[in-house]
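Please keep the structure open as you read.

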Amino acid sequence: MGKKLVIVESPAKARTINKYLGKDFEVLASYGHVRDLVPKEGAVDPKHDFAMRYQTIERNAKHVDAIAKASRKAEAIYLATDPDREGEAISWHLYELLREKGVVDDKPVQRVVFYEVTKPAIQEAIEHPRGLSEDLVNAQQARRALDYLVGFNLSPLLWRKITPGLSAGRVQSPALRMIVEREQEIEAFEPQEYWSVESDLDHEGQAFTGKLARLDGEKVEQFTLTNEGQATDATKRLEAAADGRLHVSSVEKKQRRRNPAAPFITSTLQQEASRKLRFSAQRTMRVAQQLYEGVDTGSGAIGLITYMRTDSVNLSQEAIGNLRGVIAERYGEKMLPKSPNQYRTRAKNAQEAHEGIRPTDAQRSPEDLKGHLSEDQYKLYDLIWKRSVACQMIHATIDTVSVDLAAGDVGVFRATGSTIRDPGFMTVYMEDTDDPKAPADNKERILPPLAEGDGVTLKAIRPEQHFTEPPPRFSEASLVRALEERGIGRPSTYASIISTLQQRGYVEMDNRRFHPTDTGRVVAKFLTEHFDRYVDYDFTARLEDDLDAISRGERDWVPVLHEFWTPFHERVEDKANVSRAEVMQARELGTDPKSGRPVQVRLGRYGPFAQIGTREDEEKPRFASLRQGQSIDTITLDEALALFQLPRDLGETPEGESLQVNIGRFGPYVRFGDKFASLKKDDDPYTVTRERALELVAEKKENEARRTIQEFTDDGIRVLRGRFGPYVTDGRKNAKVPKEREPEALTLEECRELIANAPEKKGGRRRAAAGNKRKGR
């Protein structure tokens, strides 16, 4: 009898599981996906009910062959890929490949599912296998077909209308729209002035502050005082009425509870790791995968957390018992609620059979494991452990007090304070917020003991000016939350969506916030104007609901795809005739006062640029690239004209070479004669001085001198030191110096012969063509 074969996705998981199952089992890894659509038109055929053409992924072909070989000898096969739709699809693809190879016809092939890589979970899964879920497979096929149809039809349109290398996606494009619309809100925002009035108070030596809450019997709102005159007048009247003292008119004491946050799901883990650890969504998922698949803790590898792609906050009874035991042991019985805390999953279509993300055994504290984990693993495990423990602890109890203090009949100031009576779960963990100005509940603000009728010393009344602020740009955490709230995409896809937006050059990160680039703006505008339905948030969410319905067996996947494809295909056909000029929509800024010609900005194939004149003018138009941080949508005429200061003439070098500063394809540079020196990061080509330019030239010449072994000036041939040893060059071709020859002793004739026999530089023609294209825009 052969061994039983278990197939998982990763070698790390295979190693961990192998030690749990014993000698009767062999565990192999598929190394991720094993099949994908053929990368060409027709991979999904709408005319034949979306028949899909797959091929084995080349990099994993050898792993598939190894699995097939082991399958021939195995007595039974267990498909143990991840417990989600993606994992179900990988199992199905594996089964189809093995069936095509004729190695599974006469033996049982079963699906096993587990949510943590621990011995009990693995053994339980093997003892209770099931068949492949056709509904989950169909949902994944539908998702893949949709993504292919959108990408394969929209992306080439973007290449033709905007620039090569761009992409559109079913979820990626609405996410981009979200970022661009937020930027437009910020740019259109007009700050409004408002004033607040605060009092500096003292009672029996304890200082505190109050904020004006009522004025002339009316509640003070944000825009009650909108200018300095109103604020000054109110301050004078309050000072006169108070005459150095305020009187306590009411004291209100309350007690409030704060409950712990639910266990992590994929999206909340990404958000909190972004806020607390400054991890990107991709980094969070990578480290979580390592913790899930298994880490050697001294007695072999073991999975430390449950499956990290989940939208359920459920916890098993065993997990709750484990957490309550740890709480009682470490923090005392008083920190346990009478009955376990229960949490309700908010995510639509959540798979309730899954659990939230938690430690597989809370007895393994972060401190105990620190010596076995990398820095990133420790930080993330610590975050997950604390959140999980805190979720089963008692609520925090906070005492609050609000005191109203009257300034005669003119106004009332309010002072608020809070003290933490019982920190409860806050002893272990507090959830962060995206708003840096949000008050923290774990900070105590203590007021002096006050009773109605008490007098309080008024030290000063301070009017303060404020301006309303625009909505904040999205961070990774707030973008993930916004996508989740709108039902766009799935938590397991957010990391790859964010990564794609950055890779395509649609967004940039500055101070951990997303800023759309000009390319991102143009793409979002094109898609919003011409494919509005397909970047509509509600439409995208409804399509996600349809995919979930397929996974539950409530809808057939083929009709869902037909409903999407027919109008989408018609729109693509219709928009193929939109001109590139209409898409790019140059922005007119005004007239160049020197030439009288129009000035405009637009996006070119190599980025945003300003242009003076048109192609119809007798004189050729002039071009200048926008500087970093400048945008087509916000640049002014003066800022655009300043770009044409380049090239700047800075005179000559002491050797008589002409000295110029300019910007090229590879960044700003100083030109001296026919040679170039790059400007450093902090050098501005528009303001760099002649002295600084000469420093850079001298540095370049010094470096060149160190590189140069010999130079035959009349022929333009040089013998140089390179990264891979000495070589001969004439500027067009390079030739390696033979090992048996001393580079210092080469003659001109030997150098000519080496260059003549050297191969042509690779890509020379392509680079030249690209340079010519750039000149012509």
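How many cavities of 30 Å³ or more does a search of the whole structure find? The search finds 2. A cavity is a set of points, on a 1 Å grid over the protein atoms alone, where a 1.4 Å probe fits but cannot get out. Volume is the space filled by probe spheres set on the points, which are joined across faces, edges and corners.

This is a predicted model: local features need pLDDT of at least 70, side-chain atom pairs count only at pLDDT 80 or more, and totals for chains, interfaces and linings use all residues. Residues are numbered from 1 along each chain as its sequence is written, and side-chain values use heavy atoms, without hydrogens and water.

**Largest cavity**
- Its volume is about 90 Å³.
- Lining residues (an atom within 4 Å of a point) include Val150, Arg170, Tyr534 and Phe564.
- Helix H16 (537-551) gives the most to this lining, with 3 residues. Helices here are DSSP runs of H or I, at least four residues, and strands are runs of E, at least two, numbered from the N terminus.
- The lining divides into 8 nonpolar, 3 polar and 1 charged. Ala, Val, Leu, Ile, Met, Phe, Trp, Tyr, Cys and Pro count as nonpolar, Asp, Glu, Lys and Arg as charged, and the others, Gly among them, as polar.

**Second largest cavity**
- The second largest cavity has a volume of about 40 Å³.
- Among its lining residues are Lys525, Glu529, His530 and Glu582.
- H15 supplies the largest share of this lining, 5 residues.
- By class, 3 are nonpolar, 2 polar and 3 charged.

**Sheet**
- Four strands form an open antiparallel sheet, in the order E28-E29-E30-E31. Strands pair if DSSP finds at least two bridges between them.
- The edge strands are E28 (708-712) and E31 (734-736).
- Val728 has Ala735 in E31 as its bridge partner.

Methods
1 Å grid on protein atoms, 1.4 Å probe; cavity = no way out; pocket = protein on both sides within 12 Å on 5 of 7 lines; lining within 4 Å.
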